Amino acid sequence: MAGHSKWANIQHRKGRQDAARSKLFSKLSKEITVAAKMGDPDPDKNPRLRLAVKEAKSQSVPKDVIDRAIKKSQAGEGDDYEEIRYEGYGPNGVAVIVEAMTDNRNRTASNVRSTFTKNGGNLGETGSVGFMFDRKGEVSYPASVGDADTVMMAAIEAGAEDVESSEDGHVIWCADTDLNEVATALEAELGESESTKLVWRPTTTTELDLEGMQKLMKLIDALEDDDDVQRVTANFEASDAVMEQL
């Protein structure tokens with residue numbers, strides 16, 4: 001599953017760009033508004049909202065922006081957003097899942113389809129690539145919280161399924177339905193996580209060379225540039241040498 005940790009590194013590098021940052025803030029705010037709308041506006045009583053707020057904080061979204069996003073839900077904003085998942089293939093047959101939140105299904109579908117087509121991919125039916133991924137909870141900690149054994153023990157106690165430890169940090173995996181409980185137990189043991197979210201974890205991957213990665217990144221950048229798109233996941237695999245050249 002090296003592809004996934006490399007993916008996190010790419011996103012971390014891209015996250016340094018200011019334009020990408022303001023777009024990310026608005027996407028995280030939208031998730032908070034919708035989560036608050038669907039449940040209780042108190043994060044302690046609404047697991048989805050709690051995770052959305054946690055993710056926003058991990059990306060340095062200011063507290064007033066978070067509070068404003070929760071207030072919007074009470075003012076009736078977020079009523080007409082619906083969540084849609086698109087699935088398709090990128091260049092070299094890489095499977096891509098696009099999660100969107102939109103108030104205009106036709107606009108979003110049209111934009112996503114044309115972005116795939118323009119960047120050497122094609123949009124498929126729902127379910128066309130979903131079988132290559134598992135829906136999982138992912139909790140990330142910096143390497144500084146402890147060695148692999150310490151984190152593994154904490155993860156087992158918390159009810160997690162798997163841990164990947166490297167010099168970059170620790171990624172703890174759990175069933176999607178257990179994320180709130182596992183994250184809370186880990187927090188009591190290891191402190192605040194860097195990131196806690198639901199993700200699509202690839203079960204099979206496609207190996208890409210430098211040219212393949214560049215084409216895939218072009219597609220993903222174009223998809224992420226769409227205001228309706230919340231997140232994009234792909235099942236690529238690439239060597240460290242290729243990643244360094246990106």
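Among contacts in the protein (contact meaning heavy atoms within 4.5 Å) between residues at least 6 apart in sequence, 74% join residues at least 24 apart. Before I go on, let me say that this is a predicted model, in which local features need pLDDT of at least 70 and side-chain atom pairs count only at pLDDT 80 or more, while totals for chains, interfaces and linings use all residues. Residues are numbered from 1 along each chain as its sequence is written, and side-chain values use heavy atoms, with hydrogens and water left out.

Let me begin with the overall dimensions. The C-alpha trace spans about 45 × 45 × 35 Å along its principal axes. The radius of gyration of the protein is 18 Å, which agrees with the value near 18 Å that a compact globule of 246 residues would have; the radius is taken over C-alpha atoms, and the globule rule is 2.2 Å times the number of residues to the power 0.38. Of the 246 residues, 46% are buried, where buried means under 20% relative accessible area, exposed means over 50%, and partly exposed lies in between, with a 1.4 Å probe and protein chains only.

The secondary structure comes to nine helices and ten strands, and here helices (H or I, at least four residues) and strands (E, at least two) are DSSP runs numbered from the N terminus. The unreviewed UniProt entry carries the annotation "domain: TACO1/YebC-like second and third" over residues 81–236; its positions are given in the numbering used here, feature names are shortened, and such annotations may be inferred rather than shown by experiment. Over residues 81–236 the chain is 33% helix and 36% strand, with 30 Å between the end C-alpha atoms.

I turn now to the sheets. Strands of a sheet pair through backbone hydrogen bonds, either parallel or antiparallel. Two strands are taken to pair if DSSP finds at least two bridges between them. Strand β1, residues 82–89, pairs with β3 in the antiparallel sense over two bridges, and tyrosine 89 has asparagine 122 in β3 as its bridge partner. In the loop between β1 and β2 sits asparagine 92, whose phi is near 65°, a positive value in a residue other than glycine.

Where is aspartate 228 found? It is in the loop between α8 and β9, and because its relative accessibility is 7%, aspartate 228 counts as buried. A polar contact of 3.0 Å joins its side chain to that of arginine 107; such a contact is a pair of N or O atoms within 3.5 Å, of which, within protein, one must be able to donate a hydrogen and the other to accept it, and residues adjacent in sequence count only if both atoms are side-chain atoms. Not counting residues up to four places away in sequence, aspartate 228 touches Lys30, Glu99, Ala100, Met101, Thr102, Arg107 and Thr108.

There is also an open sheet of four strands in the order β5-β6-β4-β7, again with antiparallel pairing. Its edge strands, β5 (162–166) and β7 (195–202), each pair on one side only, and the twist averages 30° from one strand to the next. Strand β4, residues 133–141, pairs with β7 in the antiparallel sense over eight bridges, with glutamate 138 standing opposite lysine 197 in β7. Helix α7, residues 179–190, packs on this sheet, touching β4, β6 (169–175) and β7, and its direction makes about 20° with that of β4.

Phenylalanine 25 lies in helix α2, residues 18–38, and, leaving aside neighbours within four places in sequence, is in contact with Gln59, Ser60, Val61 and Pro62. Serine 60 lies in the loop between α3 (47–58) and α4 (63–74), has a positive phi near 65°, and at 49% relative accessibility counts as partly exposed.

Terms used
Axes fitted to C-alpha atoms, helices over the stretch in contact; angles between N-to-C directions.
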